[in-house]
Amino acid sequence: MRLKTFDASSLTPTEMQGYLHYAIAPRPICFASTINKNGEVNLSPFSFFNVFSINPPICVFSPTSRARDNTTKHTLENVLEIPECVINMVNYDMVQQTYLTSLDYPKGVNEFSKAGFTELASETVKPPRVAESTVQLECAVNEVISLGKNGGAGNLIIAEVKRMHIYEGILDANGKIDPHKIDLVARLGGDWYCRVTSDNLFKIAKPIDYAGIGIGVDAFPEEVKNSNVLTGNNLGLLGLVKTLPSDKEVEAFSKTDEMKELLDDTADRHNRTTRLHLKAKHLLDNGRVMDAWKVLLM
């Protein structure tokens, strides 16, 4: 793999933004509503955002100063006056309206009205919620940390969740948020976004048999570790097991109808190893991790 290397000091802020926005993605969108001391409401999206703690429940997002003139955004100004906000999660049905609020409207303009969103009174903080959002987090701002003085510098807003509102329609039978129903949107680089749909969801499940610390790739036989057939994902799955199958288990599996034809083949050792690894890969793709190990140890 050939790498192109940059020193951060050699890039302009615009160039750095381009690389980082495309590389560090997808990023969830913090759709933040705030209010100033005059009672003027602001609504704006930020993709420098995530959850950073559960107890206490802390979300962090970062309004950057404008690169062109180093001015600050109204969201930052508001939370410095009234240290509260509501984080409204963005789904696909509202993403175009959300984009409208990212425009630089003059101070005092209510983006709820500009974008056609509905204000919903909060219960523990002053800024209103976005009624159209399916998850709304009422937050107290614990701290604001400046990350620099130049245009493009971030300001970390550390927001503690005080009350959470969730639309019942996105919950599953167990009362948990169903990723197939919430239809989230995330930010990529440039003009690009992505939508979390059922087609691009997948699980990395850890069956109960693999609970605990796995053996890891460094414990693999060299022939398995350096396989030309198995992918990095295959190796990661194999590394979850706590112990390898015993010789007795491997021998028993080798005598099954599933394996007999492959092992009886008179192909040379190289081709036979490749075929065994292909068989193991097929088993891994079907969730049969221990059987895959039995094949690889034959």
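Lys107 is partly exposed, with a relative accessible area of 48%. In this predicted model, the side chain of Lys107 meets that of Glu77 in a salt bridge, with 3.3 Å from N to O. Lys107 lies in the loop between α3 and α4 (111-115) and Glu77 in helix α2, so the pair ties together parts that are 30 residues apart in sequence. Glu77 is likewise classed as partly exposed, at 25% relative accessibility. The points below cover salt bridges, nonpolar cores, a sheet, helices and a surface patch.

**Salt bridges**

- Side chains of opposite charge can pair when their charged atoms come close.
- The count of salt bridges in the model comes to eleven.
- Glu222 pairs with Lys225 in a salt bridge whose closest N and O atoms are 3.2 Å apart.
- Because Glu222 and Lys225 are three residues apart in helix α6 (residues 222-225), about one helical turn separates them.
- Glu222 is partly exposed at a relative accessible area of 48%, and Lys225 is partly exposed at 26%.
- A further salt bridge joins Asp291 to Arg288, the closest N and O atoms lying 2.9 Å apart.
- Within that pair, Asp291 counts as buried at 18% relative accessibility, whereas Arg288 is partly exposed at 31%.
- Asp291 and Arg288 also belong to a network of salt bridges that links them with Glu258, Lys279 and Lys294.

**Nonpolar cores**

- The largest nonpolar core contains 20 residues, and those with the most contacts inside it are Phe49, Phe61, Cys85, Ile87, Leu137 and Cys139.
- Two or more residues of this core are given by each of β2 (30-35), β5 (57-61), α2 (74-81), β6 (84-88), β9 (135-146) and β10 (155-166).
- Strand β9 provides the largest share of this core, namely four residues.
- Apart from this core lies another, of 19 residues, which includes Leu235, Leu238, Val241 and Trp293.
- With its neighbours within four places in sequence left aside, Ile87 contacts Cys30, Phe31, Phe49, Cys59, Phe61, Val135, Gln136, Leu137 and Cys139.

**The open sheet β1-β11-β12**

- Three strands, in the order β1-β11-β12, make up an open sheet with antiparallel pairing.
- The edges are taken by β1 (27-28) and β12 (193-195); each has a single partner strand, so one side of each is left without a neighbour in the sheet.
- Strand β11 (residues 185-187) is joined to β12 by three bridges, and the two run antiparallel.
- Across this pairing, Ala186 stands opposite Cys194 in β12.

- Thr98 counts as buried, at 4% relative accessibility, while Tyr99 is partly exposed, with a relative accessible area of 45%.
- Residues up to four places away in sequence not being counted, Thr98 touches Phe31, Pro45, Val90 and Phe117.

- Where is Asn234 found? Its place is in helix α7 (residues 232-238).
- Asn234 is buried, with a relative accessible area of 5%.
- Although Asn234 and Lys281 are 47 residues apart along the chain, their C-alpha atoms are separated by 7.0 Å.
- Helix α11 (residues 289-296) is mostly covered, with seven of its eight residues buried.
- The buried residues of α11 are Val289, Asp291, Ala292, Trp293, Lys294, Val295 and Leu296.
- Among these, Trp293 is one of the residues of the 19-residue core, while Asp291 and Lys294 take part in the salt-bridge network.

Methods. Residues numbered from 1 in each chain as written. Predicted model: local features only at pLDDT ≥ 70, side-chain atom pairs only at ≥ 80, totals over all residues. Heavy atoms only, no water. Buried < 20%, exposed > 50% of the residue type's maximum accessible area, 1.4 Å probe, protein only. Pairing = 2+ DSSP bridges. Core = buried A, V, L, I, M, F, W, Y, C linked by side-chain atoms within 4.5 Å. Contact = heavy atoms within 4.5 Å. Salt bridge = Lys/Arg side-chain N within 4 Å of Asp/Glu carboxyl O.
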